[in-house]
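Subject: Structure handover

Hello,

Here is the structure I promised to pass on. Please open it next to this email and follow along.

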Amino acid sequence: MSQKETGTPVAAIDLGATSGRVMIGELVDGKVQLTLVHRFANGPVPLARLQDDAPAQALAWDIDELWSQIRQGLKKAFELRPDISSIGVDSWAVDYALLKDGQRLGQVRHYRDPRNELAVPDLERKFSRVELFERNGLQFLPFNTVYQLQAEQQDSRLESADQLLLVPDYVNWLLTGQARCEWTNASTTGLLNQRTGSWDEPLAQALGVAGKVAPMVHPGEEVGALRPELAREFGAAGSVQVVAVASHDTASAVAATPLTGEKSAYISCGTWGLVGVELADPVLTAQAQAAGFTNELGLDGSVRFLKNVTGTFLLSESVSYWNQQAELAGQPEIHLADLLSQAAALPVPQVLIDPQNEQFLAPGQMPARISDAIALAGGSAPETPAGLIRVVLESLAASFAAQAHEAARLGGFELEEIHIVGGGSQGELLCQRTADLARVPVIAGPVECTALGNVLVQLRAMPQGGERVEDLRAMVRKSVVLRDYQPVSALKQA
């Protein structure tokens, strides 16, 4: 990207598990500049709210409301910059829409829906967990798309459907009318064979989606032109292309993580903490499977060898519960920022929890479940919300540090530094304690790493683009302020 491209704007639709945003990105004086134009809430909703006769515990995404918010955001974006040249979409992974004759069938189910765990034994009677890993290289998680599709066998809509689109691909379809599946996100489904880089036809056949998965597109390739009626609605000044970015939000975040060498680990910390390293080839060994690591694809054919660890979900769920109770009691709202400040003044807890435990997967009554886990580990339940937050932060830091070292070991090198990006990079205590426990420096930032990766791929797709990933990351370092955390020895802490 040259200085001639300065000021050519693009729009990034960045959908997270708790919020979404529409941002404008452009290159200004050699730096990437992001402008937030619209932010909106997101999260699981009871399926019964959206669909009659739904199971009581079933969860979904309000995808129609998300689409409404996306349209509002794009209208605002084009009002500010009618010359926006392209749009890119990223989102969380694994969830999908089913279509028939261009109409969506039902709702987009949420990956935390209880039906998925119930389907695990059924699928694994056909394909063992070892065999699945050998085919797709994925960490076992009960919400992986393959288990969701097994759960779909109880519903007639899968048989009726003629198209399956992952969430960002579905948004791209709404924008363009073109059905494509972006490669990095395809790698999270379990339907992509890691050895061939193409759809696993026998597995797709067994799950009833053979012929229903869309042709694949790679980051930087065009999906199609914005529908004319939407271009008029948004007020676009000219032709607007929808470009495939690294549409799995973690793939976008890693693309923009300013890794400085081959011996670095990254932690994309939001609702989930994705802890891993970037490799040239997947690690499909029994040791990698036993350690719970996954192989997902990244920009330019890289492999994101990582582990999914619960992230700030434990914090947000706890605060949400406390505020529900406070509202019922007529008490003031609790703010996470205040709890984090109070927690930083507390001593290091002696008993921790395992954030990866499946007991923390579902939403609801999180403080009680955390307290029960502390008691089960031999500790005492914290007496204050700040005390519980301190245990969670220390547990997250310990988990992040251990998994970063394990990812490096399985990847064949000794860890030299960790980069924390995303919302969690703003947590000073979390970053410092991760550095302390890992005994390597932690570099924190950027916060909006996912949107930044989305924008960078779009800018690179312009006619004068073509930078290597290393060049994109150099641009990130030039564009944002990073913070270094040096490890503090145990002796100094005492």
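Start at Thr145. Leaving aside neighbours within four places in sequence, Thr145 is in contact with Val94, Tyr96, Thr188 and Thr189. Contact means heavy atoms within 4.5 Å. Thr145 sits in helix α5, residues 145-151. Its relative accessible area is 1%, so Thr145 is buried. The cut-offs are these: buried is under 20% relative accessible area, exposed is over 50%, and partly exposed is in between, with a 1.4 Å probe and protein chains only. Helices (H or I, at least four residues) and strands (E, at least two) are DSSP runs, numbered from the N terminus.

A word on the source. This is a predicted model, where local features need pLDDT of at least 70, side-chain atom pairs count only at pLDDT 80 or more, and totals for chains, interfaces and linings use all residues. Residues are numbered from 1 along each chain as its sequence is written, and side-chain values use heavy atoms, with hydrogens and water left out.

Helix packing

Two packed helices are described by the angle between their axes and the distance between the axes. Axes are lines fitted to C-alpha atoms, for helices over the stretch in contact, and angles run from 0 to 180 degrees between N-to-C directions. Angles under 35 degrees count as roughly parallel, over 145 as roughly antiparallel, 65 to 115 as roughly perpendicular and the rest as oblique. A crossing is left-handed if the near helix is turned anticlockwise from the far one by less than a right angle, and right-handed if clockwise.

Take α2 (residues 63-80) and α7 (residues 167-176). Their axes come within 12 Å and cross at roughly 55°. The two helices are therefore oblique to each other. The crossing of α2 and α7 is right-handed. From α2 come Ile63, Trp67, Ile70 and Leu74; they meet Val167, Tyr170, Val171, Leu174 and Leu175 of α7. By class, the residues of this contact are nine nonpolar, no polar and no charged. Here Ala, Val, Leu, Ile, Met, Phe, Trp, Tyr, Cys and Pro count as nonpolar, Asp, Glu, Lys and Arg as charged, and the others, Gly among them, as polar.

Now α16, residues 385-411. Which helices pack against α16? One is α15 (residues 366-376), at an angle of about 65° with the axes 11 Å apart. That makes α15 roughly perpendicular to α16. Their crossing is left-handed. Pro367, Ile370, Ser371 and Ile374 of α15 meet Leu388, Val391 and Val392 of α16. This contact has six nonpolar residues, one polar and no charged.

Another is α13 (residues 313-329), at about 165° to α16 with the axes 10 Å apart. α13 and α16 are therefore roughly antiparallel. α13 passes α16 in a right-handed crossing. Leu314, Leu315, Ser318 and Trp322 of α13 meet Pro385, Leu388, Ile389, Val392 and Leu393 of α16. That contact has eight nonpolar residues, one polar and no charged.

Sheets

α16 also lies across β17 (264-269), β18 (272-279), β20 and β21 (417-421), running at about 155° to β20. These strands belong to an open sheet of seven, in the order β19-β20-β18-β17-β21-β22-β23, with mixed pairing. Its edge strands are β19 (294-297) and β23 (483-485), each pairing on one side only. The twist averages 30° from one strand to the next. Two strands pair if DSSP finds at least two bridges between them. β19 and β20 (residues 303-310) pair in the antiparallel sense over four bridges. In that pair, Asn295 stands opposite Phe305.

Another open sheet has three strands, β4-β5-β9, with antiparallel pairing. β4 (45-46) and β9 (108-109) are its edge strands. β4 pairs with β5 (residues 59-61) over two bridges. Pro46 stands opposite Leu59 in β5.

Backbone points to check

Most residues other than glycine have a negative phi, and most peptide bonds are trans. Asp101 has a positive phi of about 50° and is not a glycine. Asp101 lies in the loop between β7 (96-100) and β8 (103-104), and is exposed at 62% relative accessible area. Gln365 also has a positive phi of about 50°. Its place is the loop between α14 (336-344) and α15, and it is exposed at 54%. A cis peptide bond joins Gly445 and Pro446, with omega about 0°. Pro446 is in the loop between β22 (442-444) and α18 (449-460).

Best wishes
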